[in-house]
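Please read them with the structure open.

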Amino acid sequence: MKGHVEWLDEFLENDKYVFINPMYNLFLPAELKQYFDVVAIVGKTFKYTEKGPIGLLKNKKAFHIQSTGGIYQGKDNEDQDIGDLYLRAIMKLFGINDYQSVLLEGVDNFPDQAEKMLNEASLKAMESAKVF
């Protein structure tokens with residue numbers, strides 16, 4: 001099993017990151033949050049300055065795919081999808097501004113449309129991957 005140093009080294013060595021997760025209770029799974037706690041290291045992924053934190057990981061990309069049972073984007077409850085907001089924010093903290101996401105939403109709200117929704121999200125992910 002990898003230790004914290006190995007996870008951090010692996011993270012720093014890569015130029016592209018792909019995160020795929022379900023939404024759990026409006027957020028990311030605990031294991032994914034814990035991973036970010038392991039790689040968010042002052043002096044490695046970001047540093048503090050008089051003007052605030054600055055990311056140290058330049059010219060890197062992040063891609064996020066998330067599945068949710070409900071619909072959040074473009075709705076009054078959009079601010080409840082704090083998983084994608086957090087992931088975007090932590091990447092920005094690290095200096096990773098090239099961030100894309102594909103959000104598969106509503107599969108539990110509309111089970112009769114779940115297959116169509118999955119196909120549409122898959123196509124969007126494949127198109128996004130071409131330029132990632």
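1. In strand 3, G55 is the bridge partner of F46. Helices (H or I, at least four residues) and strands (E, at least two) are DSSP runs, numbered from the N terminus. The model is predicted: local features need pLDDT of at least 70, side-chain atom pairs count only at pLDDT 80 or more, and totals for chains, interfaces and linings use all residues. Residues are numbered from 1 along each chain as its sequence is written, and side-chain values use heavy atoms, with hydrogens and water left out.

2. Strand 2 (residues 46-49) pairs with strand 3 (residues 52-55) in the antiparallel sense, over four bridges; pairing requires that DSSP finds at least two bridges between two strands.

3. T45 sits in the loop between helix 2 and strand 2. T45 counts as buried because its relative accessibility is 0% (buried means under 20% relative accessible area, exposed over 50%, partly exposed in between; 1.4 Å probe, protein chains only). A polar atom of the T45 side chain lies 3.0 Å from the backbone oxygen of V39. Leaving aside neighbours within four places in sequence, T45 is in contact (heavy atoms within 4.5 Å) with residues including L8, F11, V39, G55 and F94.

4. M23 lies in the loop between strand 1 (16-22) and helix 2 (30-39). M23 also counts as buried, because its relative accessibility is 14%. Not counting residues up to four places away in sequence, M23 touches Q66, S67, T68, Y72 and D81.

5. M23 and L8 are 15 residues apart along the chain, and their C-alpha atoms are separated by 24 Å.

Definitions and conventions: A polar contact is a pair of N or O atoms within 3.5 Å; within protein, one must be able to donate a hydrogen and the other to accept it, and residues adjacent in sequence count only if both atoms are side-chain atoms.
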